[in-house]
Amino acid sequence: MKKLFVKTYGCQMNAYDSAKMADLLAPLGYAATDVPEGADMVILNTCHIRERAAEKVYSELGRLKQMKAAKAKDGGQMLLAVAGCVAQAEGQEIVARAPQVDLVVGPQSYHRLPEMIARAARSQGHVLETDFPALEKFDSLNAPQSSGISAFLTVQEGCDKFCTFCVVPYTRGSEHSRPPQAIVTEARQLAEKGAREIVLLGQNVNAYDCDGWGLAKLCEAIGEIEGIKRIRYTTSHPRDMGDDLIAAHGGNPKLMPYLHLPVQSGSDAVLEAMNRQHKADDYRRLVERIRAARSDIALTSDFIVGFPGESDADFEATLGLVRDIGYATAFSFKYSKRPGTPASTMRKQIPEDVKAARLDALQKLLLSQQYAFDDSQVGKVLPVLFEKTARETGQIMGRTPYLQPVHVKTDAAHISQVADVRIERRTANSLHGVLA
Ligand code: SAH
Ligand code: SF4
Ligand code: F3S
């Protein structure tokens with residue numbers, strides 16, 4: 001057996017791709033290992049969304065260069081591959097800056113890895129694949145070899161929205177939905193391998209549209225698969241939240257009442273400069289309609305602070321929107337200039353210290369909402385899907401419908417099942433309870 005080490009950065013779609021790459025290399029004799037030392041092949045599955053994410057890759061490549069040299073000294077070979085969004089965006093630059101890299105493969109071309117490995121072994125040169133043959137990719141991937149209790153399943157890729165700050169339309173290409181039959185088949189295979197929850201993935205997952213199927217219909221079909229108890233989907237764009245999907249939150253009991261609906265900013269001027277194509281009040285009204293369909297739905301979001309031109313009043317409007325909506329949890333980031341995007345050349349870039357102060361203020365507010373939301377669950381009975389044994393012996397860990405981790409002292413036989421849990425207390429990152 002050869003050893004394969006895959007390191008994943010970035011979003012859930014990268015995590016899905018990493019699993020697919022491992023499945024693809026298994027027939028070639030590669031088995032996964034969780035340390036890079038001594039591996040026969042190392043894949044860095046990279047993210048380009050913010051500057052820091054991309055820079056991490058180059059420092060990791062520096063460390064791997066030494067491991068690769070050590071392996072060569074012992075007469076072995078370590079193949080080094082860079083996959084993901086940095087590969088797509090900076091393929092040529094990677095081989096120039098890091099000549100120790102053997103393979104560069106974009107997110108739409110990784111199905112060609114087996115053939116690329118053969119070419120790299122023959123030529124000893126760099127092999128680069130960054131085309132966009134999206135249709136071909138999914139057809140050439142293997143059935144899942146294994147599955148966790150909660151499994152990712154990519155249903156839609158790419159983005160046509162071109163928000164002015166974002167690299168995704170350039171790294172992942174244009175919006176493309178997979179055929180529903182292929183998705184349902186994959187969900188069934190995952191269920192057979194032990195999945196009880198399916199998380200449908202897409203850069204704009206609620207824009208899913210293929211053969212007359214939207215996301216609501218897809219969720220319904222997946223909900224009928226034996227063994228599947230829960231369905232989630234992420235990430236959604238406010239503009240693509242259709243009536244049928246909103247209605248599904250009221251009508252499909254397998255669809256979890258938890259929705260990641262990024263708004264980025266609460267200021268109309270900033271939303272417009274970002275090219276989000278909706279106003280803050282459109283978002284407020286949308287949330288009202290979603291809550292009318294499912295009153296206990298919890299919301300999460302992404303925010304960017306310090307977008308070019310963001311004034312104190314704009315930032316206050318973001319805080320105002322957060323107060324109005326009330327989030328269960330949320331991600332927030334300082335605006336990061338990305339090469340080639342329109343926002344990177346906008347005048348009135350915001351100084352770093354202002355960005356830092358705004359991020360701090362926003363995160364304080366979001367954290368207080370998160371604690372308030374978690375505290376509101378104490379005393380309630382919630383259905384928990386148990387996923388694994390916890391670090392503390394005698395305990396198992398599962399998740400509420402709202403994705404909160406819950407620790408319960410009970411038998412490991414409950415793993416992979418949903419059971420009612422009375423929530424007794426909250427610690428910083430987890431809830432604790434007893435079987436009800
Ligand atoms: N498709 C999703 C987002 C995908 S990227 C959507 O439209 O909401 C994930 C998150 O990264 C974004 O929601 C945004 O908050 C953040 N992000 C993207 N580009 C960024 C940049 N240049 N600087 C800082 N944060 C960024
Ligand atoms: Fe990026 Fe905007 Fe597309 Fe989301 S919708 S992936 S933020 S361009
Ligand atoms: Fe990053 Fe690419 Fe995902 S840039 S967030 S890995 S789509």
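Helix α1 (residues 12–25) packs against helix α4 (residues 113–123) with their axes 9 Å apart and at an angle of about 60 degrees. Welcome to a predicted model, where local features need pLDDT of at least 70, side-chain atom pairs count only at pLDDT 80 or more, and totals for chains, interfaces and linings use all residues. Residues are numbered from 1 along each chain as its sequence is written, chains are lettered from A and ligands numbered from 1 in the order in which they are written, and side-chain values use heavy atoms, with hydrogens and water left out.

**Helices that pack together**

- Two packed helices are described by the angle between their axes and the distance between the axes.
- Axes here are lines fitted to C-alpha atoms, for helices over the stretch in contact, and angles run from 0 to 180 degrees between N-to-C directions.
- Helices (H or I, at least four residues) and strands (E, at least two) are DSSP runs, numbered from the N terminus.
- Helix α1 and helix α4 pack at about 60 degrees, and the contact (heavy atoms within 4.5 Å) joins M21, L24 and L25 of α1 to L113, P114 and I117 of α4.
- The α1 and α4 contact has six nonpolar, no polar and no charged residues; Ala, Val, Leu, Ile, Met, Phe, Trp, Tyr, Cys and Pro count as nonpolar, Asp, Glu, Lys and Arg as charged, and the others, Gly among them, as polar.
- Helix α2 (residues 51–73) and helix α3 (residues 84–97) have axes 12 Å apart, at an angle of about 35 degrees.
- The α2 and α3 crossing is right-handed; a crossing is right-handed if the near helix is turned clockwise from the far one by less than a right angle, and left-handed if anticlockwise.
- In this pair, A54, E55, V57, Y58 and L61 of α2 meet V86, E90, E93, I94 and R97 of α3, a contact with six nonpolar, no polar and four charged residues.

**Helix α8 and its surroundings**

- Helix α7 (residues 180–192) and helix α8 (residues 215–223) pack with axes 10 Å apart, at about 35 degrees.
- P180, I183, V184 and A187 of α7 touch L218, A221 and I222 of α8, and this contact has seven nonpolar, no polar and no charged residues.
- Seven of the nine residues of α8 are buried (under 20% relative accessible area, with exposed over 50% and partly exposed in between, for a 1.4 Å probe and protein chains only), so α8 is largely enclosed by the rest of the structure.
- Those buried residues are L215, A216, L218, C219, A221, I222 and G223, and their cover includes α7, β10 (197–201), β12 (213–214), β13 and α9 (243–251).

- T234 sits in strand β13 (residues 230–234), and T234 is buried because its relative accessible area is 11%.
- Leaving aside neighbours within four places in sequence, T234 is in contact with Q12, V199, L200, L201, G202, V205 and H260.
- Q370 belongs to helix α13 (residues 352–377) and, not counting residues up to four places away in sequence, touches Y327, A328 and T329.

**Ligands and cysteines**

- Around ligand 3 (a heavy atom within 4 Å) are C11, N14, T46, C47, H48, I49, C85, R172 and Q203.
- The shell of ligand 3 has four nonpolar, four polar and one charged residues.
- Ligand 2 is surrounded by residues including C159, C163, C166 and R276.
- C47 counts as buried because its relative accessibility is 11%, and C166 counts as buried at 14%.
- The structure holds zero disulfides (pairs of cysteine sulfur atoms within 2.5 Å).
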